[in-house]
Amino acid sequence: MKYVIVGNSIASVGCIESIRKVDKEGSICVIGDEKYPCYARPLISYLLQSKTTVEKMVYRDKAFYESNAVTLLLGKRAKTIDRETKHLALDDGSTVAYDKLLIATGSYPFIPPMKNLESVKKCFTFMNLDDAKNLEKALAKESRVLIIGAGLIGLKCAEGIRDRVKSITVVDLASRILPSILDEAGSALVEKKLTDEGLTFILHDSVREFFNGDALLSSGAVVGYDILVLAVGVRPNISLVNEAGGEVNRAILIDEKCQTSIPDVYAAGDCCESIDYVTKERKVLAILPNAYMQGEVAGRNMAGDETFFDKAMAMNAIGFFGLHVITAGIYEGQEKLFTTETGYKRLFVQDGTLVGYILIGDTINRAGIYTSLIRNKTDLGTLDFDLISEEPLLMAFAKKERAHKLGDAQ
Amino acid sequence: MGINYLYPDFEVHRDKDKCINCRVCERQCANEVHAFDKELNRMIADDSKCVNCHRCVSLCPTHALKIVKTDHHFKENANWKGEVIQDIYRQAESGGVLLASMGTPKDYPVYWDKMLINASQVTNPSIDPLREPMETRTFLGQKSTKIKRDDQGRLITTTTPQLSLNIPIMFSAMSYGSISYNAHKSLAMAAQELGIFYNTGEGGLHEDFYQYGKNTIVQVASGRFGVHPGYLNAGAAIEIKMGQGAKPGIGGHLPGSKIGEDISKTRMIPEHADAISPAPHHDIYSIEDLRQLVFALKEATAYTKPIIVKVAAVHNISAIASGIARSGADIIAIDGFRGGTGAAPARTRDNVGIPIELALASVDSRLRQEGIRNNVSLVVGGSIRSSADVIKAIALGADAIYVATSALLALGCHLCRTCQNGKCNWGIATQKPELVKRLNPEVGSQRLVNLITAWEHEIKEMMGGMGINSIEALRGNRLMLRGIGLNETELQILGISHAGQ
Amino acid sequence: MKRVYVNEQWCLGCHLCEYYCAYANSGQESMVKALKDKTIRARIKVEEKDGISFAVNCRHCTEPLCVKSCIAGALTQKDGLIVIDQDKCVGCFSCIMACPYGALMPNEEGVMQKCELCTTNSHMLPVCVSGCPNKAIVFEER
């Protein structure tokens, strides 16, 4: 069996590890356009913050590819899939034959049209290690940094470089920060924290035009900058599947076995649209745990062990300067709110199950117990919901369930 | 409050350098001695509540605690000792009978410690128990003295029912009520594993423990608590309790506060009603009456189970035993005055009855003299503390011994002697669920098995040393004992010579 | 694989497991030195309410959600044991978000810590087990 994986990040690792649980013999070939073995991409901001190093960012130990008998083709790009002959054409002109193929191509930064952007010399995106290295080279104590986009990427970038530059201004078209994961109160809380840490926000605004060292905003305000970081959003890399005639929407469509509409072609990670477990809607759930688990399930299925991944859901753990935020699911239904010294907790209940939560500050401990309630669609009538709302405790479960969790569980 | 006449007996000493404020002492003390003082950021203790049970000491992970006897004292007086004065203060305060528990702490002679065991030298070789078989199996019950034949002249080989013990040691009666469910379960599990017996005491048998029936002796006492046909047939033997070493002549009293749902069911009495065992059996005023009960119980169990009659060791014990041996009972159990109790009037416990060693020797001698020793087996209890005590008891004439205090010690008891409060921190003498759970029967039974197994090894070792390879050959073999520091009368009662003779 | 299991029937809520755990993972030779005047951060946590108590630590799941969610590759499964490379961990709390038992928690430096069955300290066998006074915590194969 010839397994080929396009992409060399988390979904790819998940796929390799699960294939090898089932099939120790088949060949695995990984094609990655970056020149590095798989590394922890979300750590690039921590790298700039000196909380990690390039060496430590390696996602699996050195022997990983060798012990899993993986052929690595790095610095290469797959151009097309020939679904009839089951071959991939690479950008160096070579071809790679596959029996089972995984597309784990992730996404690329979206750059909206902005007037005169091409004239900006120190303009960076912040998606991968090379982006981080390039940005790092440009950083100077005197730099004024302008970040376009107050989402996860932009703000993590801001945190990563804060101590290394003079000032950071974040501009976003939205009226609040992190709108994709936070409610308004949360946005305000995190914004205040980041403002206290020295960031400047200009919200509900956008760049009308770039000048040399200045950006003119739609509101008429002018922001001086030395370095520009574009973190507006990302777009899934779907062209391989799209051009081969596979079904795509905003991203590649996959089923619960992580299969695309092309026979023997699977897809996993940020390039996919999967069914949200909570809402039952198709969504791009571009978060790392989903990437790993989709890769893993794809690998199992590629190796012939029928497995389903039907529990894709939104969840995020993120922190800025010690203020931690954990969120999951959707923010609809009846809610319970608890405010604490440094944050708050909001729980969302629909039809007797927990469907989402927002935890900020000192409410984040043992958050996974809440996540499991969503993931297992636990009937809240079977446990002490008042108690578990107050604090995530296994005590809140019925005695039998506790015994199962603590005694039988693996 | 008025004047507090009583100074705390103990002081809790905490090494502040070692205490890490983990608060395990606080969490584990049912007497609420320890507390954490937030302002001082350290643990504090109320000495007056301490019963010296060592629960905190044993669980303190840094050994920061010790309990010290107070050196506060009354003016020296050989007659009016401090404890005597304190008892008077207590009674002047309460107007009540002083209650106490476990065996008497008074300094009466312990004859076990005044007897020495023999060993073989040169002329009769000693035996190495690791290389040669050693028989400790013991059968309790009537032994026939005559060979009987049927009308065809064939030997009659049937015998009256017997208890078969791997080691001549049994756990003596402790009722479910006086001790906890988990303590009972520990004893039952250990008896089963060891191939010996435990005893229900007078509180009936919890339905969960019928499964240990083969290793259970069920007791019938003056209160008849929990006695019904199923109960009588559940065990391997039935014991009629006439008396208890710690409180001869009086009955028992389990306060209503300890009679929860389970105990009420097991004892067949209403919840929260005091369980009062009368001092006498109201249907027994003579040996003939006793004989009636013995045979009533035999009838009820179709003559399949030996009947034990348990009495306290009192002044004319040999005459009493002689009567019992003629009552049809299969086994006589004698409980010495140092035996334990869950609660007894202190004056009774400390002043009534006689030491088991003297009672045993005199009973064994008397039954032999009367030629009725084989009518019954003799089991003795009342502070058997070690394998050496077991050897000495058997050499004095016992078939087997009963242990209770030693067993409780194995379960964690620290002999603080406050069982009557019902707040046993070791989960033994309590019915409070949060305290009962402190005794995991898996742990408890293993500790009991370990203890008895260790004694078994030692018994075999000492038997071997005497050149004896069967416990039978030790029984009543008083030549193996010598007295030390005993007067003529004591030696004569014990039927042994003085060391050096 | 042998794992730590707890039985709430026998848990006394004495919290000794937490203290032994904190001590075992302190690297100090003396418990007093390790824990005196410190707020402990144990990798096992006792929950208690209304007379019921039990300890919770890592279950070493066969399908570990924490490992699958770790953004740093710091959590890995080695022969069934879930271990954390604290050097790699950046304290993003993704594992806290993922673990259904609430068995991971940050240490003083904000880096995650978890029960590694005492395989990574000098004690070799789980001290919560040996330190439990009532066998409420056992280390066995099930």
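## Where chain C meets chain B

The side chains of C:Lys135 and B:Glu442 meet in a salt bridge, with nitrogen and oxygen 3.2 Å apart, and in this predicted model that is the one salt bridge which the rule finds across the interface of chain C and chain B. Polar contacts are also found between these two chains, the count being six residue pairs, both residues at pLDDT 80 or more. On the side of chain C that touches chain B, the helices α1 (16–24) and α2 (31–35) of chain C each supply at least two residues, and by class this side has eleven nonpolar, five polar and four charged residues.

Counted by residues, 20 of chain C are in contact with 22 of chain B. The two chains bury about 1,700 Å² between them, and 58% of this area lies on carbon and sulfur atoms. Three residues, C:Trp10, C:Leu12 and C:Lys36, supply 28% of the area that chain C buries against chain B, which is more than any other three residues give.

## Where chain A meets chain C

Of the two pairs of chains in contact, it is chains A and C that share the most contacts, with 45 residues of chain A touching 43 residues of chain C. The area buried between chain A and chain C is about 3,800 Å², and carbon and sulfur atoms give 57% of it. Chain A and chain B, by contrast, are joined by no contact, and their closest C-alpha atoms lie 17 Å apart.

Across the interface of chain A and chain C the rule finds five salt bridges; one of them links A:Lys56 with C:Asp87, whose closest N and O atoms are 3.8 Å apart. Between these chains, twelve residue pairs are counted in polar contact, again with both residues at pLDDT 80 or more. Several elements of chain A, namely α8 (288–302), β22 (315–320), β23 (323–329), α9 (368–375) and α11 (399–408), each supply at least two residues of the side that touches chain C, and the largest share, six residues, comes from α8(A). Sorted by class, the residues on this side of chain A divide into 24 nonpolar, ten polar and eleven charged.

## A parallel sheet in chain A

Chain A contains an open sheet of five strands, ordered β3-β2-β1-β7-β19, with parallel pairing. Its edge strands are β3 (70–74) and β19 (265–267) of chain A, each of which pairs on one side only, and the twist averages 20 degrees from one strand to the next. Within this sheet, β1 (residues 2–6) and β7 (residues 100–103) of chain A run parallel and are joined by four bridges, and A:Tyr3 has A:Lys100 as its bridge partner in β7(A).

Helices also pack on this sheet. Helix α1 (residues 10–22) of chain A touches β1, β2 (27–32), β3 and β7 of chain A, and its direction makes about 175 degrees with that of β2(A). Helix α8(A) touches β1, β7 and β19 of chain A, its direction making about 170 degrees with that of β7(A).

## A mixed sheet in chain B

In chain B, an open sheet of three strands has the order β6-β20-β21, with mixed pairing. Strands β6 (115–117) and β21 (497–498) of chain B stand at the edges with a single partner strand each, so one side of each is left without a neighbour in the sheet.

Strand β20 (residues 481–483) of chain B pairs with β21(B) in the parallel sense over two bridges, and B:Arg482 stands opposite B:Ser497 in β21(B). Helix α11 (residues 387–396) of chain B lies across β6 and β20 of chain B, running at about 95 degrees to β6(B).

Note on methods
Residues are numbered from 1 along each chain as its sequence is written. Chains are lettered from A and ligands numbered from 1 in the order in which they are written. This is a predicted model: local features need pLDDT of at least 70, side-chain atom pairs count only at pLDDT 80 or more; totals for chains, interfaces and linings use all residues. Side-chain values use heavy atoms; hydrogens and water are left out. Two strands pair if DSSP finds at least two bridges between them. Contact means heavy atoms within 4.5 Å. Axes are lines fitted to C-alpha atoms, for helices over the stretch in contact, and angles run from 0 to 180 degrees between N-to-C directions. Buried area is the accessible area (1.4 Å probe) that two parts lose on being put together, summed over both. A salt bridge is a side-chain nitrogen of Lys or Arg within 4 Å of a carboxyl oxygen of Asp or Glu. A polar contact is a pair of N or O atoms within 3.5 Å; within protein, one must be able to donate a hydrogen and the other to accept it, and residues adjacent in sequence count only if both atoms are side-chain atoms. Ala, Val, Leu, Ile, Met, Phe, Trp, Tyr, Cys and Pro count as nonpolar, Asp, Glu, Lys and Arg as charged, and the others, Gly among them, as polar.
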